[in-house]
Amino acid sequence: MNRAATLGVSPYMRVWTAVVTLLGLLAVAGCAAAADTSAGYDQADVRFNQQMIIHHRQTIQLAELAADRSSSSYVRELSKKLIAAEQADIQKMSEWLKSWQQPVPAEEPSQEATELRAGPGFDRGWLTVLSRHLEHGIHMAKEVQTSGKHEPTRLLADRIVREQGEELATIADRLD
């Protein structure tokens, strides 16, 4: 006779206990995960994420111009890369803001670089505008590196400074 039978525990009760225990563990893990996104943030983190969402959306709008107007494979590839990366960042930052019960900025059209027309000079003009735009993003990220508390936001800022700094160096080489 097995031990469960000698204790008077039915197989149904053993399965039920296991299911309830598993659900309890999943609930605790889910609460811990939710707590991690909201723990340790301050107004500097909120402000940075809100402003960087707007900045990233402007980057996407700028990159979309290149898809239609550029004659350079480098510019078209860079624009695709920027769109994908900025969309992923916006998703993360929006989730953080929502977990903090903070508003996610509404999407607004950007007028940046709309004067650039397809044809000769577009790629150089676009890279020049993009350089100024990326420099501004790096400046924003450096501010939250020193004033923010939310570790995932600071890690995002570190990545923005590093990756956009590298991109600026490549763009500068192309503009020379």
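This is a predicted model: local features need pLDDT of at least 70, side-chain atom pairs count only at pLDDT 80 or more; totals for chains, interfaces and linings use all residues.
Conventions. I number residues from 1 along each chain as its sequence is written, and side-chain values use heavy atoms, with hydrogens and water left out. Local features need pLDDT of at least 70, side-chain atom pairs count only at pLDDT 80 or more, and totals for chains, interfaces and linings use all residues.

Aromatic pair. I looked for ring pairs (centres of Phe, Tyr or six-membered Trp rings within 6.5 Å; stacked under 30 degrees between planes, edge-to-face over 60, the rest tilted) and found one. Tyr-41 and Trp-100 are stacked, with 4.3 Å between centres and 10 degrees between planes. Tyr-41 sits in the loop between helix H2 (11–38) and helix H3 (43–69), and Trp-100 in the loop between helix H4 (73–99) and helix H5 (122–147), so the pair ties together parts 59 residues apart in sequence. I take helices as DSSP runs of H or I, at least four residues, numbered from the N terminus.

Accessibility. I call a residue buried under 20% relative accessible area, exposed over 50% and partly exposed in between (1.4 Å probe, protein chains only). Trp-100 is buried at 2%; Tyr-41 is partly exposed at 29%.

Methods. Helices (H or I, at least four residues) and strands (E, at least two) are DSSP runs, numbered from the N terminus.
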